[in-house]
Number of protein chains: 2
Amino acid sequence: MNGSEGKSRQLASFVERLRLHTALPDAEAEALITLPFRLLTRDRHSYLMRQGDELRHCTILLSGFVERHRIGLNGRKQILCFYFPGDPLNLENLYTMRSDDALQALKLSEVAIIQCDDLLSLMQDRPAIMKAIVRSLLIDASISREWIFNVGQRSAKTRIAHLICELGFRKTLQPHHSGGVTLPLTQVQIAEATGLTSVHVNRTLKELQSEKILSYKSGVFTVYDIDALAELADFSPSYFHWFRHNGDGVV
Amino acid sequence: MNGSEGKSRQLASFVERLRLHTALPDAEAEALITLPFRLLTRDRHSYLMRQGDELRHCTILLSGFVERHRIGLNGRKQILCFYFPGDPLNLENLYTMRSDDALQALKLSEVAIIQCDDLLSLMQDRPAIMKAIVRSLLIDASISREWIFNVGQRSAKTRIAHLICELGFRKTLQPHHSGGVTLPLTQVQIAEATGLTSVHVNRTLKELQSEKILSYKSGVFTVYDIDALAELADFSPSYFHWFRHNGDGVV
DNA sequence: CGAGTTCTTGAGCATTCTCAAACCCTGTGG
DNA sequence: CCACAGGGTTTGAGAATGCTCAAGAACTCG
């Protein structure tokens, strides 16, 4: 627990993230940015939360990359969600619920730990903040439903393409984003997120490569033909409910 | 649009539903029950919301049974959620977001239409109500994630068993519930919810019957061996985050 | 009784999985 | 700087789960 008191404006990325879907006056933004928090750094593979934990705080991802997953009694693992910097990781702990899922860092990540009560009282006092947080929850739910659709209805190739589109699109909207989609994902993780086997992911990725749509090399995707990918992926980013769309492209 | 002004205490089922997961003082409960609403009755198969709609109100299911689904560009349909009486159907419209999903009645259903602003101001004024609504959203999200897991990781038999367990369990917690799980579901709908083919659902159901675990006859499930079913289904109801569990049984 | 669902069954097929082994990176320690 | 360890990727062969298509039977509702 290598914590340190946060004083700087590192929560700005959180506000940026909320402003993708909800208008926030500067006063509200400032109130969020100046929330007291504790900074925590976690290595790749380390857990931020485990199944069954009952955390007493909320967590905002400041840098890095995090997955949410659930492992069943059968031992099978399903990745349920990925988080980018600025995303709140565990709003479910606003009201301390026992967690069904685990949160695990996919690379070196920094998070801000904030007190639930601090955030809750902001929500209670300022309607715009309640709106932003509630919409955040609603959008996460919409993304979850898209994942249900993805694993339930799409073929392996479409499914993988859709995942890449989603992550690429979200990455594109990060502050300081510069072209080129780099995602620290192994094929095993793609498999766990799509409900496929890593063997089959490998073969499908290979197919996409031979079709000159993208290439994959140790976590780095290079998308040659974004339109073909989005078309194939059945991807339309409306389910994010964001203001800033760059049309259908992911770059 | 056969509306009528609601005066009675029909929203009591909504409060009951919230109280499954969040303690609500009587004052708050009363405030919710006396919300003004408009009553609407919809036939089987009719839509309460369509993909792309932007509803300006929130809806509580009072009686009947409703599904949420999404149909992709490819024309494939995935059921994403089922709703029982007392469940709020479209909290995402609290802040009027364009819908990605459709809501469709599976049998004759009554809903209460309430004004978003009425509910929002209750949330703003009364922390317990904000808590109840937010927890409701969080629990729906948890259920969605269980569905991702279900469709992504479980075999056909387990998947179907899990769905039956979930619905049976939720039905059990309905007020005025009397033994015997009756769900107005066709095999096609089970297929659409589990990401399987109706043909395959039929064969799998048949298997479950021959194993003396349950029987299915025009929408009526009779569960012979609930323990075997829950065991097979990999089902544990913790993801509902409800106070009242009847252990592991579904009855 | 008739029309429209819904269910059932068969046969053949496709997609995806399992198992197993080899290969190839990348970072680490000697 | 090399060797090794360990994770990650690639390949093959065979098997299984679940799909498609198609048609007939059985309900249900008006």
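Of the 18 residues around DNA strand C, those that come nearest are Ala156(A), Gln187(B), Asn202(B), Arg203(B) and Tyr216(B). A residue counts as near a molecule or strand if one of its heavy atoms lies within 4 Å of it. The model is predicted: local features need pLDDT of at least 70, side-chain atom pairs count only at pLDDT 80 or more, and totals for chains, interfaces and linings use all residues. Residues are numbered from 1 along each chain as its sequence is written, chains are lettered from A and ligands numbered from 1 in the order in which they are written, and side-chain values use heavy atoms, with hydrogens and water left out.

Sugar or phosphate supplies 68% of the atoms of DNA strand C within 4 Å of the protein; bases supply the rest. The side chain of Arg44(B) has an N or O atom 3.3 Å from a phosphate oxygen of DNA strand C. The side chain of Arg203(B) places an N or O atom 3.1 Å from a base nitrogen of DNA strand C. Helix H7 (198-210) of chain A, together with H6 and helix H7 (198-210) of chain B, are the elements giving two or more residues to the surface near the DNA strand. H7(B) gives the most, with four residues. Helices (H or I, at least four residues) and strands (E, at least two) are DSSP runs, numbered from the N terminus.

Chain B also holds an open sheet of four strands, in the order E3-E7-E5-E6, with antiparallel pairing. Two strands pair if DSSP finds at least two bridges between them. Strand E3 (47-49) and strand E6 (77-83) of chain B each have a single partner strand, so one side of each is left without a neighbour in the sheet. E3(B) pairs with strand E7 (residues 102-105) of chain B over two bridges, in the antiparallel sense. Met49(B) stands opposite Leu103(B) in E7(B). Helix H4 (residues 127-153) of chain A packs on the sheet and touches strand E5 (66-71) and E6 of chain B. Contact means heavy atoms within 4.5 Å. Helix H6 (residues 187-194) of chain B packs on the sheet as well, touching E5 and E6 of chain B.

A rotation of 180° with 0.0 Å of shift along its axis superposes chain B on chain A (RMSD 0.0 Å). This is the relation of a two-fold axis. Copies are superposed by least squares on the C-alpha atoms of residues with pLDDT of at least 70 in both.

Technical notes. Axes fitted to C-alpha atoms, helices over the stretch in contact; angles between N-to-C directions. Polar contact = N/O pair within 3.5 Å; in protein donor to acceptor, adjacent residues only side chain to side chain.
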